[in-house]
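Open the structure in your viewer and keep the selection tool at hand.

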Amino acid sequence: MGAVHGVARLPDGGVRVRLTAKERSLLQSLPGQLRPLLAGDAGDVGIRRRLFPHGYDDAQQEAEYRDLVGESLVEERLERLEAFAATLDGGQGGRWSWTVELSPDDAHAWLSALNDARLTLGVLLGITDESQWERGPEQDNPSAVALYYLGWLQEQLLGALMQSLDDESSG
């Protein structure tokens, strides 16, 4: 079987991710950029609001909700980001390509990190509705291209994980 670029489901429910070295490098840059945003150490309120949207319109209900969940939302996302980063240190690769096998939990950590990165890029690019997404990336804007790439990778992961669910329900 030849090397296939992208994501493929494994028999154990995990996934195999095969990317170029440049794609891996992009992914390796994400944890360092996302950690301060998730932890609240970076000053962009718009990004923080997008990463942690309000649960309630009512200010008092929102305050009670935030008191209830405390820092657990931040801690959970940071844990998943660290799991994502750890998988990027593993795998096998050469000069041009890289392959890693992810457990279902690792794949979910990837989905969380990719989603956080996409939300952040969306705010930075001023994307506020779906129609802006449908036009496609501005090819001369690296952030826009990265946003679309991360969306493609997220779809690949979801497709592979959903295939696992389809197999479970039919078998």
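Buried means under 20% relative accessible area, exposed over 50%, and partly exposed in between, with a 1.4 Å probe and protein chains only. This is a predicted model, in which local features need pLDDT of at least 70 and side-chain atom pairs count only at pLDDT 80 or more, while totals for chains, interfaces and linings use all residues. Residues are numbered from 1 along each chain as its sequence is written, and side-chain values use heavy atoms, with hydrogens and water left out.

Select helix 4, residues 72-89. Helices (H or I, at least four residues) and strands (E, at least two) are DSSP runs, numbered from the N terminus.

Within helix 4, colour Val 74, Arg 77, Leu 81, Phe 84, Ala 85, Thr 87 and Leu 88, which are buried. Looking down the axis of helix 4, these buried residues fall within an arc of 160° (taken from the directions from the axis to the C-beta atoms), so they line one face of the helix. Turn to the other side of helix 4 to find Glu 79 and Asp 89, both exposed.

Now show what covers the buried residues of helix 4: this includes helix 1 (21-39), helix 2 (45-51), strand 4 (97-102) and helix 5 (104-124). After helix 4 comes Gly 91, with a positive phi near 75°.

Next, select Arg 66 in helix 3 (residues 59-69). Arg 66 is partly exposed, at a relative accessible area of 25%. Its side chain reaches the backbone oxygen of Pro 53 at 2.7 Å.

Note on methods:
Expected span 1.5 Å × (residues − 1). Contact = heavy atoms within 4.5 Å. Polar contact = N/O pair within 3.5 Å; in protein donor to acceptor, adjacent residues only side chain to side chain.
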